Amino acid sequence: RSLVYRYFMVEDPREIQPVGVEVKLQIDLGGCTIRGIIDRLDAESDGTFTVRDYKSGKSPKPAYQAERMDGVLFYALLCREILGVLPSAVSLIFLADGVVITQEATEAAVNGLQAKVEKAWAGIVRDCEAENFKPRVTPLCGWCSFRAYCPAQGGTMVEFSPRQS
C-alpha cells in the first residue's frame with residue numbers, strides 16, 4: 001500500500017505517455033545473449049523516449065548512484081540496438097522513499113557500457129577455456145548458496161560438463 005501511495009506522489013499517471021510496458025528485449029552481443037525487460041518506455045513531448053525502471057527499495061546514497069544507473073542504461077543499449085533509437089534519458093524510480101534519479105543516455109555512455117559488457121564476456125570465455133575459476137572472497141560470501149562447492153570456503157568443486165545444444 002505504501003509503495004502504491006508513493007508512486008502517486010512521484011508521478012501523475014495521467015501525464016505520462018507510455019509506448020511500452022514490460023518491454024522484453026534481447027540481443028546477441030559478441031556471442032553473449034543479453035536480455036532485459038523495460039518496466040516502462042515513455043514518449044516525451046519533444047519526440048524522444050525515456051526508459052523508466054521501478055525499484056521497490058530505497059534510493060542509493062549518492063556515492064552508489066552511478067553504478068545503479070548502469071542497469072537502466074543497459075536498457076538504453078537494448079533500445080538502440082533493437083529499436084534503432086537511443087532514448088534521451090533513463091530513470092530509476094525508488095518507491096520506498098519516492099526518489100527519482102534521471103540520467104541522460106548518451107552515445108558515449110552506452111558505448112562505454114557496451115565495451116564493458118563485451119570485455120566481461122571475453123574474460124568469461126577466456127577463463128572457461130583455461131578452466132580458470134579462482135574464487136574471489138568478498139563480504140557477500142556469507143550469503144552465497146554455493147559455499148559447499150567453493151574452495152575459498154573449504155568446499156569442493158564438482159566436475160561440470162556443458163550442455164550440448
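In which strand is the place of Leu 25? In this predicted model, Leu 25 belongs to strand β1. Its relative accessibility is 7%, so Leu 25 counts as buried. Beyond its neighbours within four places in sequence, Leu 25 touches Ile 34, Arg 35, Gly 36, Ile 38, Leu 78, Cys 79 and Ile 82. The C-alpha atoms of Leu 25 and Glu 81 are 9.6 Å apart, although 56 residues separate the two along the chain.

Strand β1 covers residues 18-29 and also holds Glu 22. Glu 22 has a relative accessible area of 45%, which makes this residue partly exposed. Its phi angle is near 55°, a positive value in a residue other than glycine. Glu 131 also has a positive phi, near 50°, and is likewise not a glycine. Glu 131 sits in the segment after α3, the helix of residues 107-129. With a relative accessibility of 66%, Glu 131 counts as exposed.

One of the contacts of Leu 25 is Ile 82. Ile 82 is part of helix α2, which runs over residues 62-83. Its relative accessible area is 35%, so Ile 82 is partly exposed. Together with Leu 83 and Val 85, Ile 82 forms a nonpolar patch on the surface. The accessible area of this patch is about 220 Å² in total.

Helix α2 also packs against α3. Two packed helices are described by the angle between their axes and the distance between the axes. For α2 and α3, the angle is about 100° and the axes are 9 Å apart. An angle of 65 to 115 degrees counts as roughly perpendicular, and α2 and α3 are therefore roughly perpendicular to each other. On the α2 side, the meeting residues are Asp 70, Leu 73, Phe 74, Ala 76, Leu 77, Arg 80 and Glu 81. On the α3 side, they include Glu 107, Ala 109, Val 110, Asn 111 and Leu 113.

A salt bridge joins Glu 107 and Arg 80, with the closest N and O atoms 2.8 Å apart. Glu 107 lies in helix α3 and Arg 80 in helix α2, so the pair ties together parts that are 27 residues apart in sequence. Glu 107 is partly exposed, because its relative accessibility is 40%. Arg 80 has a relative accessibility of 14% and so counts as buried.

The structure holds 9 salt bridges. Side chains of opposite charge can pair when their charged atoms come close. One network of salt bridges links Glu 11, Arg 40, Asp 42, Glu 44 and Arg 52. Within it, Asp 42 pairs with Arg 40, the closest N and O atoms being 2.6 Å apart. Both Asp 42 and Arg 40 are buried. Arg 52 forms a salt bridge with Asp 42, and here the closest N and O atoms are 2.7 Å apart. Arg 52 lies in strand β3 and Asp 42 in strand β2, residues 32-43, so the pair ties together parts that are 10 residues apart in sequence. Arg 52 is buried, as is Asp 42.

Strand β3 spans residues 49-55 and contains Asp 53. The relative accessible area of Asp 53 is 5%, so this residue is buried. Setting aside its neighbours within four places in sequence, Asp 53 contacts Asp 39, Val 72, Tyr 75, Ser 91, Leu 92 and Ile 93.

Notes. Residues numbered from 1 in each chain as written. Predicted model: local features only at pLDDT ≥ 70, side-chain atom pairs only at ≥ 80, totals over all residues. Heavy atoms only, no water. Helix = DSSP H or I, 4+ residues; strand = E, 2+ residues; numbered from the N terminus. Buried < 20%, exposed > 50% of the residue type's maximum accessible area, 1.4 Å probe, protein only. Contact = heavy atoms within 4.5 Å. Patch = residues over 30% accessible without salt bridge, like charges linked within 9 Å, V, L, I, M, F, W, Y side chains within 5 Å. Areas by Shrake-Rupley, 256 points an atom, 1.4 Å probe, with all protein chains shown as cover. Salt bridge = Lys/Arg side-chain N within 4 Å of Asp/Glu carboxyl O. Axes fitted to C-alpha atoms, helices over the stretch in contact; angles between N-to-C directions. Parallel < 35°, antiparallel > 145°, perpendicular 65-115°, else oblique.
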